[in-house]
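I opened this notebook to keep track of what I looked up in one protein chain. The entries below go from the whole chain down to single side chains.

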Amino acid sequence: KELPAAFFADNDEIAMGAMRAIKEKGYRIPADISIIGFDDIAFGAISNPTLSTVHVYKQEMGRAAVKRLREMMAGDTVFQKIQICERFIERESVKDLR
């Protein structure tokens, strides 16, 4: 079967499991398929190939959540959308299409 160009996993652990399964089937990463994870766990930087991932600023998310919770407990009932940006970390598991 023809593989998709890329696999984007819910988290880095799933991405690394997919990398293992894909390699066991004889495919090459990233030559045959690119893999991207989400979370930027430490093992991604030492996997083979190293895992491209989306870094999430978890501490900032936690701070914003606690701040908002305190505001709500103090009576603030205005609904807010809070956005914390993330960062893509390109490593060896994605094919360079440039």
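**Ground rules.** I am working with a predicted model, in which local features need pLDDT of at least 70 and side-chain atom pairs count only at pLDDT 80 or more, while totals for chains, interfaces and linings use all residues. I number residues from 1 along each chain as its sequence is written, and I take side-chain values from heavy atoms, with hydrogens and water left out.

**Fold.** I looked up the secondary structure and found two helices and four strands in the protein chain, where helices (H or I, at least four residues) and strands (E, at least two) are DSSP runs numbered from the N terminus. Following the sequence, I read their order as β-α-β-β-α-β. The radius of gyration, taken over C-alpha atoms, is 18 Å, well over the 13 Å that the globule rule (2.2 Å times the number of residues to the power 0.38) gives for 98 residues, so the chain is more spread out than a compact globule. I also noted that the C-alpha atoms fill a box of roughly 60 × 25 × 25 Å along the principal axes.

**Contacts and surface.** Counting contacts (heavy atoms within 4.5 Å) with a separation of 6 or more, I found that 69% join residues 24 or more positions apart. Of the 98 residues, 32% are buried, where buried means under 20% relative accessible area, exposed means over 50%, and partly exposed lies in between (1.4 Å probe, protein chains only). The protein chain exposes about 7,300 Å², of which carbon and sulfur atoms supply 58%; I note that these areas come from the Shrake-Rupley method with a 1.4 Å probe.

**Charges.** The protein chain carries 15 positive and 15 negative charges, and their mean positions are 1 Å apart; Lys and Arg count as positive and Asp and Glu as negative, without His or the chain ends. Searching the whole structure, I found nine salt bridges, each being a side-chain nitrogen of Lys or Arg within 4 Å of a carboxyl oxygen of Asp or Glu.

One of the salt bridges joins Glu24 and Arg20, at 3.1 Å from N to O. Both residues lie in helix α1 (residues 12-24), four residues apart, which is about one turn of the helix. Glu24 is exposed at 60% relative accessible area, and Arg20 is exposed at 59%.

In helix α2 (residues 58-73), I found Glu60 and Arg63 three residues apart, or about one helical turn, and their side chains meet in a salt bridge of 3.8 Å, N to O. Here Glu60 is partly exposed at 34% relative accessibility, whereas Arg63 is exposed at 54%.

A further entry is Arg98, which forms a salt bridge with Asp96, the closest N and O atoms being 3.0 Å apart. I recorded Arg98 as exposed, with 80% relative accessibility, and Asp96 as partly exposed, with 47%. I then noted one network, in which Lys67, Arg68, Glu71 and Asp76 are joined by salt bridges that share partners.

**A loop residue.** Where does Ala74 lie? I placed Ala74 in the loop between α2 and β4 (86-89), where Ala74 is exposed at 72% relative accessibility. Its C-alpha atom is 43 Å from that of Leu51, a residue 23 positions away along the chain.

Methods: The place of a charge is taken as NZ of Lys, CZ of Arg, CG of Asp or CD of Glu.
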